[in-house]
Amino acid sequence: MDNEASIRLLQDMLEIYSPSGKEQKLANFLKDEIANLGFENVRTDDAGNIYGEIGSGSPSILLCGHMDTVAGWIPIKREEDLLYGRGAVDAKSSLAAMISASQTLKPIRKTGKVIVAGVVEEESTANGIRQLLRENLDVNYAIFGEPSGVKNITFAYKGRVSLKIKFQTTSGHIGAQHLLDNAVEKAFELWNEIKTELNDKWSQNGIFDSVTTCLVKIRSQRTSGGVPDVCFLDFDLRLPPYVTTDQSIKAVRDVFTKYKEKNPNVSISHHVVDRIEPFMADKNTLLMKALERAILETVGEPFKFLKKTGTGDMNIFGAEVKVPVATYGPGDSSLSHTENERIKLSEYLTSIQVYKRAIEHLFSWHKHA
Ligand SMILES: [Zn+2]
């Protein structure tokens, strides 16, 4: 593919709006597209992920990008070196660059295999990557396509726990409010205790190494004319690599226990909605070396390792499949999920060269390792 064809591919992908759960149209488009580009074994799975392969033999590398974006249409606009659109950064430019790079690797054929995967629901349920794991792909390496900027490699992501609490007090007439516990106020009191406890326990130098807490929703119920006696709290914890999801959930439960000792009239139940372990990739692998070399050769500057405060599909894959992994892709991640999402086309084109060279180095070094 020449540069114009690669830009056209990205622009076409941006034109197809694909918020999480609505990736089907983009998946159909990409399936046809990669089949036309000469990918083999083009297929979908039960979650709606798409796959295509270039080359054969070993080693094999998975290039995994996500097809979904957050919601919010942004009109496609090209202004000189900039291309605007939802997903321009997070992360259609990475997936388009992976496809472009693999396609130009066609001559390698028998010296190794590239499997490109476009997965669904990275921004929501992570169902796509979970299904990909069930497909048992036979791979020796994996790169995830998320915006790191062309000079950087993301090696670490925080973990995440989403919890829902149901907080209950005794109901009663609002005229007797001086006698009753208001569930909303008491639940908020509990929330502050959770926050303080987790901050005290796990707050280190810098946000990446601290547990952070975010209350995302409060909803209350009351019988008519009554003081609120039920309150639901939804919250989100972000975990550094040294705190497991189990440890953080236990810490929250310990706060409940102490709180109930002081407030015997309340009842608290909770439900873990979702959890993703924090992840740190090994920095000392052939895959990292191949990316480092490719960045140096293409960009002309040494790379940097990045740690991210979000979570990515690499967390889920890396926890289960013990092969070298990395996250790399074009774009300024501070523009992700914003109304201003745009990619520098020159950067996008550079990233194609980086993926391509990294794979070439990796395949040739793998043989001699
Ligand atoms: Zn993303």
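This is a short tour of the model, with something to select at each stop.

The model is predicted: local features need pLDDT of at least 70 and side-chain atom pairs count only at pLDDT 80 or more, while totals for chains, interfaces and linings use all residues. Residues are numbered from 1 along each chain as its sequence is written, and side-chain values use heavy atoms, with hydrogens and water left out.

**Stop 1: the cores**

Select Leu30, Ile61, Leu62, Leu132, Phe317 and Tyr348. Within the largest nonpolar core, which has 79 residues, these touch the most other members. A nonpolar core is a set of buried Ala, Val, Leu, Ile, Met, Phe, Trp, Tyr and Cys residues joined through side-chain atoms within 4.5 Å. Buried means under 20% relative accessible area, with a 1.4 Å probe and protein chains only. Helix H9 (residues 345-368) gives this core its largest share, 10 residues. Helices (H or I, at least four residues) and strands (E, at least two) are DSSP runs, numbered from the N terminus.

A second, separate core has 26 residues, including Trp202, Ile249, Val252 and Val266.

**Stop 2: strand E2**

Now select residues 50-56, strand E2. Because 6 of its 7 residues are buried, E2 is largely enclosed by the rest of the structure. Strand E1 (residues 40-44) pairs with E2 in the antiparallel sense over 3 bridges; pairing requires that DSSP finds at least two bridges between two strands. Look for Thr44, which stands opposite Ile50 in E2. E1 and E2 form a hairpin with 5 residues between them, and Gly48 in the turn has a positive phi of about 100°. E2 is also joined to strand E6 (residues 112-119) by 7 bridges, running antiparallel.

**Stop 3: a sheet of 3 strands**

Next, show the open sheet with the order E4-E5-E16 and antiparallel pairing. Its edge strands are E4 (77-79) and E16 (342-344), each pairing on one side only. Tyr84 stands opposite Arg342 in E16. Angles run from 0 to 180 degrees between N-to-C directions, and axes are lines fitted to C-alpha atoms, for helices over the stretch in contact.

**Stop 4: two helices**

How far apart are the axes of H7 and H9? Select helix H7 (residues 286-299) together with H9: their axes are 8 Å apart, and the helices pack at an angle of about 135°. H7 and H9 are therefore oblique to each other, since angles under 35 degrees count as roughly parallel, over 145 as roughly antiparallel, 65 to 115 as roughly perpendicular and the rest as oblique.

Key
Buried < 20%, exposed > 50% of the residue type's maximum accessible area, 1.4 Å probe, protein only.
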